[in-house]
Structure formats: C-alpha cells, structure tokens
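Trainee: I am new to this structure and would like to be guided through it. May we start with the ligand and its surroundings?
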Amino acid sequence: MTKVIDWLKHNRKLMFSLEITPPDRGKNMDDILSGIDPLMRFEPQFINVTYHQPHMVYDEKDGVITRRPRRKKPGTVGICSAIKNRFRVEPVPHLICGSFSRYETEDTLIDLHFLGIKNILALRGDPPPGQARFIPEKDGHLYACQLVEQIAQLNRGKYIDELEDPFPTSFCIGVAGYPEKHFESPNLDKDLLYLKKKVDAGAEYIITQMFYDFRIYKEFVEKARAVGIQVPIIPGLKPLVSRKQIQSIPSSFHVNIPAELVGLIEEARTREQAFAGGVRFMARLVEKLLEFGVPGIHVFTMGQGRAPQALLEAVFAAKG
Ligand code: FAD
C-alpha cells in the first residue's frame, strides 16, 4: 500500500513511520541513510523527509552588503528517491510554503508525481533562523491550508494555468497538528479551527508535534473530534534522553516537559542512566497511546539513531 491513508484504512497492523532530515549542504547522504539502517528491522511503512527554508547570508564587498538566500539542507526530493531504491519503503517528502511561489510548488509537485511519490506532508515551515515571523514568497502561500488546497486542486487536474487535457496527480496529503497549540496561535481552540481548515481543504490525516504527556494527546484528539476533525491523528514522538534536550526541546518546539521526566533525567548519575530513564518513560508513553488505540506512531529521528532504536526495541519487545 503506497498511500498513508490506504494503510490507515485497510491495514489492521499499527502504522509506523520515521522522520529524517537531509544532511547539511556538502555532506554525504549515505551518513543519514546508514543512520536509519538499524531502524529498518522494525519495518517502518513510511519514511518522512523534512524540507528546509533557506536562511539569509550577508556578504560584504567594497563596503556594500548584499543578501543571498542559502539553503543549508537541500536534497529532500533526491533522498526520497534514494529511500525508495535502497529500502523499498514509501518516502513522504515534506513540502513547505516558505521560499516557494505557487508555480515553484506546482513544478515540485510535478517532479514528485513523475518520481512515483504518492504522499506529501504539507506544511507552512518555520521562519528561518534570525527572522521573527514567517514571510511568504511573492505569489507563495501564507498558510499550510493554501498549500493543501493547491495539492488537492492538482489531484483534480487543476493547474494554476488553464491547460488542455491536464493529468491529475494522486497525492495523499498529511498535515501537522499541535496538541499544545502552535506557538503563534493565541489558544488551542483557534489553532484547531485552522487545523480543520487544512482538513476541509483536503488533508487526509494529521501528524502531531511531539508531546510528553499522554493526557495532552488524548485531550487534543477529543477536542479535534468535537470541532469536526474526523481524520486519523498520528502521534509524533521524539525520545528525550539527555539533560541538553530538557532545554533544547521546549525552546525549539514549544512543548512542555512533565516534571517526572525532567526529574528522571536530572537525577540520573550518569548519561547512560539518563538515557535509560528517558527511554523507559517514552516506552510507557507509547504503551498508553497503544492502549488508547492510536492509528500509528511517527518517530522523529533528527539524525539521532540510538535513542529511537532503544525506544523501538522497548516498544516492540513489549508488544511481542
Ligand atoms: P499552519 O497550519 O499554516 O499554521 C501556522 C500558524 O498560522 C498557526 O499559528 C495557525 O494557528 C495559524 N493559521 C493557520 N491557518 C490560518 C489562517 N487561515 N488564518 C490565520 N491563521 C492561521 N518545518 C519545516 O520547515 N520543515 C519541515 O519539514 C517540517 N516538518 C514538520 C513535521 C511535523 C510533524 C510538524 C508537527 C512540524 C513540522 N515543521 C516543519 C514545523 C512547521 O513547519 C512549523 O511548526 C510552522 O511554524 C507551522 O507549520 P504548519 O504547517 O502547522 O502551519
């Protein structure tokens, strides 16, 4: 089954997907792919590949400063193709609004369609480092719901320009959801209304931002259902296994870390103890999610092979 939604609808097995990030410009793609090699024995059905906006670089010559955009992590589409060839697993490229005009989006969608890619996670993208707020490209999208709409239109054979006998694409569209609300949103209720807009525009499932408290996910799903969002909501999970992450995860992703997990990590005498405590905590969280009946789990690896591997070992050992 090549589409996420088909797997979710027709397969009784829990869906399991991984998320990876392309290497920095100039680095080898093999390092990233070998990093997930040990995770392949857990048989992910999908591997997501993130997309990154360029940030601005400033050059000075003869007292004149010029700005040029520079993408630190190019290669999303190429890695997707490599994943298909190397692992025979369906890739899910992320596509963002940032840095794309609508025509560039259309061109990328055509590339992906020609590569036989059937899934896209449609996102707005974060403002690049050093930029306080998101600024769309001229003639680009301001919100992810507009990108979803464009992909859905292409699935109906509607291109930006009127074309003679246009072929329709056939993408399954996923979007992001935020159990603790998106950081720019005034409150969760408002955020959920915008999430519903993405679903109404054609998103067929949601992957959540990471969270560390089961109740937060459960309440999010209940509130989403209450506002009429009926699509599957897949929990996104990022193992937290070190002191450094206690600071970096909340500041980068705007999520809360429960006191119990902070205590486990801070009170550990060694790094290994902290790692083991973090993995045990995450495995219990996954257990609760499975009991609740989640449609799948999505693990953010972000180049971090060891922690996801330990988590998956704990989860799959418990499941038998
Ligand atoms: P939107 O859904 O557009 O929401 C952005 C903000 O605008 C929210 O505050 C929302 O409430 C508000 N909003 C939405 N629609 C409207 C509207 N119609 N009117 C007014 N306000 C509105 N980032 C990357 O750069 N690359 C990636 O590959 C990537 N992958 C991710 C994967 C997952 C699973 C998740 C959860 C996030 C990912 N992100 C990625 C981060 C994401 O791009 C950022 O969180 C971004 O700031 C918001 O993206 P979005 O698609 O949720 O945006």
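Mentor: A polar contact is a pair of N or O atoms within 3.5 Å; within protein, one must be able to donate a hydrogen and the other to accept it, and residues adjacent in sequence count only if both atoms are side-chain atoms. This is a predicted model, in which local features need pLDDT of at least 70 and side-chain atom pairs count only at pLDDT 80 or more, while totals for chains, interfaces and linings use all residues. Residues are numbered from 1 along each chain as its sequence is written, and side-chain values use heavy atoms, with hydrogens and water left out.

Trainee: How far is the side chain of His182 from an oxygen atom of the ligand?
Mentor: An N or O atom in the His182 side chain is 2.8 Å from a ligand oxygen. For Lys198, a polar side-chain atom lies 2.7 Å from an oxygen atom of the ligand. The protein buries 90% of the 970 Å² that the ligand exposes when taken alone, by the Shrake-Rupley method with a 1.4 Å probe; for residues, only the protein chains shown count as cover.

Trainee: How many residues surround the ligand?
Mentor: There are 24, and the closest include Tyr51 and Asp126; a residue is near if one of its heavy atoms lies within 4 Å.

Trainee: Which helix gives the most to that shell?
Mentor: Helix 6 does, with four residues. Helices (H or I, at least four residues) and strands (E, at least two) are DSSP runs, numbered from the N terminus.

Trainee: Changing topic, how many salt bridges does a search of the whole structure find?
Mentor: The search finds 15, a salt bridge being a side-chain nitrogen of Lys or Arg within 4 Å of a carboxyl oxygen of Asp or Glu. In one of them, Lys73 pairs with Asp24, and the closest N and O atoms are 2.8 Å apart. That pair links distant parts of the chain, 49 residues apart: Lys73 is in the loop between strand 4 (64-70) and helix 3 (76-87), and Asp24 in the loop between strand 1 (15-20) and helix 2 (29-36).

Trainee: Is His298 buried or exposed?
Mentor: His298 is buried, because its relative accessible area is 0% and buried means under 20%, exposed over 50%, and partly exposed in between (1.4 Å probe, protein chains only). His298 lies in strand 10 (residues 296-300).

Trainee: How far apart are His298 and Glu19?
Mentor: They are 279 residues apart in sequence and 7.3 Å apart in space, C-alpha to C-alpha.
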